[in-house]
Amino acid sequence: MKNKINIEIMSPDELVSWFLISSYSYYKLGKPIMTDSMFDDLVERLKIVYGKSNHPHKNLITKEHLAATTGYDIEYPTIVKQCALDILRG
């Protein structure tokens, strides 16, 4: 899966989704779905386009999360958890 994620073509809403899914997978499940450098790239892009996102869970990601490149303390919604599990199952 790690090779199929193309951050460069993601919309702002997709970046929010992937930030949440990747953070949940890494911090809560202990199973990263992208490399650290890919996640860092995702965060850098998200910082730039954050204001353009209309994602319903955008408010879960604070400026502090983006500055620290982490989502370890987010209360993840069920849909994020399910998406992460689906991705990990392949």
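**Close-up views of a predicted model**

View 1. His65 touches Phe19, Leu60, Thr70, Gly71, Asp73 and Ile74, leaving aside residues up to four places away in sequence. The residue is found in helix 3, which spans residues 63–68. With a relative accessible area of 8%, His65 is buried, because the limit for that class is under 20%. The side chain of His65 also makes a polar contact with the side chain of Asp73, at 2.5 Å. Val43 is 22 residues away from His65 in sequence, and the two C-alpha atoms are 9.2 Å apart in space.

**View 2. The nonpolar core and the contacts of Phe19.** The largest nonpolar core has 26 residues, and those with the most contacts inside it are Trp18, Phe19, Leu20, Leu46 and Ile61. At least two residues of this core come from each of helix 1 (12–28), helix 2 and helix 4. Helix 1 gives the most, with 7 residues. When residues up to four places away in sequence are not counted, Phe19 touches Phe39, Leu42, Val43 and Leu46, together with Ile61, His65, Leu66, Thr70, Gly71 and Ile74. Two of these partners were met above: Leu46 is listed with Phe19 among the core residues with the most contacts, and His65 is the buried residue of helix 3.

**View 3. The salt bridge between Glu44 and Lys47.** Side chains of opposite charge can pair when their charged atoms come close. The structure holds 2 salt bridges, and one of them joins the side chains of Glu44 and Lys47, with an N to O distance of 3.1 Å. Both residues lie in helix 2 (residues 36–49), where a separation of 3 residues corresponds to about one turn of the helix. Glu44 is partly exposed at 42% relative accessibility, and Lys47 is likewise partly exposed, with a relative accessible area of 36%.

**View 4. The salt bridge between Arg89 and Asp86.** Here the side chains of Arg89 and Asp86 meet at 3.3 Å, N to O. The two residues are 3 apart in helix 4 (residues 78–89), so about one helical turn separates them. Arg89 is exposed, with a relative accessible area of 61%, whereas Asp86 is partly exposed at 39%. Arg89 falls in the exposed class because its value is over 50%.

**View 5. A nonpolar surface patch formed by tyrosines.** Tyr26, Tyr27 and Tyr72 make a nonpolar surface patch of about 320 Å². Tyr26 itself is partly exposed, with a relative accessible area of 39%.

**View 6. The backbone at Thr69.** Thr69 has a positive phi of about 50°, although the residue is not a glycine. Its position is in the loop between helix 3 and helix 4. At 25% relative accessibility, Thr69 counts as partly exposed.

Note on methods
Residues are numbered from 1 along each chain as its sequence is written. This is a predicted model: local features need pLDDT of at least 70, side-chain atom pairs count only at pLDDT 80 or more; totals for chains, interfaces and linings use all residues. Side-chain values use heavy atoms; hydrogens and water are left out. A salt bridge is a side-chain nitrogen of Lys or Arg within 4 Å of a carboxyl oxygen of Asp or Glu. Helices (H or I, at least four residues) and strands (E, at least two) are DSSP runs, numbered from the N terminus. Buried means under 20% relative accessible area, exposed over 50%, partly exposed in between (1.4 Å probe, protein chains only). A nonpolar core is a set of buried Ala, Val, Leu, Ile, Met, Phe, Trp, Tyr and Cys residues joined through side-chain atoms within 4.5 Å. Contact means heavy atoms within 4.5 Å. Patches are made of residues with over 30% relative accessible area and no salt bridge: like charges are joined within 9 Å, nonpolar side chains (Val, Leu, Ile, Met, Phe, Trp, Tyr) within 5 Å. Accessible areas come from the Shrake-Rupley method with a 1.4 Å probe; for residues, only the protein chains shown count as cover. A polar contact is a pair of N or O atoms within 3.5 Å; within protein, one must be able to donate a hydrogen and the other to accept it, and residues adjacent in sequence count only if both atoms are side-chain atoms.
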